[in-house]
Amino acid sequence: MTTTAPTIRLTQYAHGGGCACKIPPGELESVVAGLTATGPSSPNAELVIGLDDGDDAAVVRIAGGQGLVLTTDFFTPVVDDARTFGRIAAANALSDVYAMGGTPVVAVNLLGWPRDVLPAELAAEVLRGGLEVAQEAGCHVGGGHSIDDPEPKYGMAVTGVVDVDRIITNSGAVAGTPLTLTKPLGVGVLNSRMKATGEVSEEAVASMTALNRDAGQAAVAAGIRAGTDVTGFGLLGHLYKMARASGVTAVVDAAAVPYLTGAREALADGFVSGGTRRNLDWVRPHADLSAVPEDEALLLADAQTSGGLLVGGDIPGAPVIGEFVPRGEFVVVVR
């Protein structure tokens, strides 16, 4: 539920919105290529998870079989309401820790604000929203950093803890295991509609502000070792990264994928972000999409913000949307 009358529409001050403003996945991979093997000659700690497979967070080993999980995420406004924007951005940043099977412990704010254009009171509302969600997660907020920026941006750098022997990674998928998704898709097209028309989907807001804490804990309890969260690269993009890193093929049952109310209508009305189209273009050469029409493929590639967990295994109450099978001709198959 929104909490501040959006007399100022934050989304109108940004070129994109939420995770749809991420650098395209193919372009990003070329930027970080060659960095995976670069490290200090005398490291102060063991890096357990780094850049190699595009995981959601880094993990370094500490004493007692524990690991420190470190991640950061920030983006431009995805909704017009300042406090809600803060809540969504915080939930999204915390999600990376849950996606690794960890527990967030402390976060610091990252804020970019056009101080000569937007009032400081709105920035305070953004930070207040982020604090509320962090407190819900049991995570401290210990300050942060802010800059004067032409576009409003907000997020968090989050540190958590994880059992090193129970980390959930992109590369842990095994053939013969089900594929489970814990939140419905459609946030991207609904947010694009909201940016263009001002029409808010309260269902989308509720999904984006919901923590992935319970899903992450359930995945760890079930012994799941393969997973990620679905954000700016869309279901197809994140699934492609998982299956590629794991050496398997991911098969998606399109009819089993859940969507938020109004998502298909928003797509039909043309509210598709450039990020979604880039996601599909990136995955298409590695996927068999012949069983579904183009609109269905676009929904499967829809750039999500603060989406659910996508895991290799069963989570009670969450829909199974496919399975991992031995690597075939394609990395991803939609049937």
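## Packing of helices 2 and 3

A helix crossing is called right-handed if the near helix is turned clockwise from the far one by less than a right angle. In this predicted model, helix 2 passes helix 3 in such a right-handed crossing. The axes of helix 2, which spans residues 82-99, and helix 3, which spans residues 120-136, come within 7 Å and cross at roughly 40°, and that angle makes helix 2 oblique to helix 3.

On the side of helix 2, the contact is made by Ala82, Arg83, Phe85, Gly86, Arg87, Ala90, Ala91 and Leu94. Helix 3 contributes residues including Leu122, Glu125, Val126, Arg128, Gly129 and Gly130, as well as Glu132, Val133, Ala134 and Glu136. Taken by class, the residues of this contact between helix 2 and helix 3 divide into 9 nonpolar, 3 polar and 6 charged.

## Strands 4 and 5

Strand 4 (residues 103-113) and strand 5 (residues 140-148) run parallel and are joined by 7 bridges; within this pairing, alanine 107 has valine 141 of strand 5 as its bridge partner.

## Surroundings of valine 60

Valine 60 lies in strand 2, which covers residues 58-61. When neighbours within four places in sequence are left aside, valine 60 is in contact with Ala45, Glu46, Leu47 and Val48, and also with Gln66, Gly67, Leu68 and Leu70. Glycine 223, by comparison, is 163 residues from valine 60 in sequence, and the C-alpha atoms of these two residues are 21 Å apart in space.

Methods: Residues are numbered from 1 along each chain as its sequence is written. This is a predicted model: local features need pLDDT of at least 70, side-chain atom pairs count only at pLDDT 80 or more; totals for chains, interfaces and linings use all residues. Side-chain values use heavy atoms; hydrogens and water are left out. Axes are lines fitted to C-alpha atoms, for helices over the stretch in contact, and angles run from 0 to 180 degrees between N-to-C directions. Helices (H or I, at least four residues) and strands (E, at least two) are DSSP runs, numbered from the N terminus. Angles under 35 degrees count as roughly parallel, over 145 as roughly antiparallel, 65 to 115 as roughly perpendicular and the rest as oblique. Contact means heavy atoms within 4.5 Å. Ala, Val, Leu, Ile, Met, Phe, Trp, Tyr, Cys and Pro count as nonpolar, Asp, Glu, Lys and Arg as charged, and the others, Gly among them, as polar. Two strands pair if DSSP finds at least two bridges between them.
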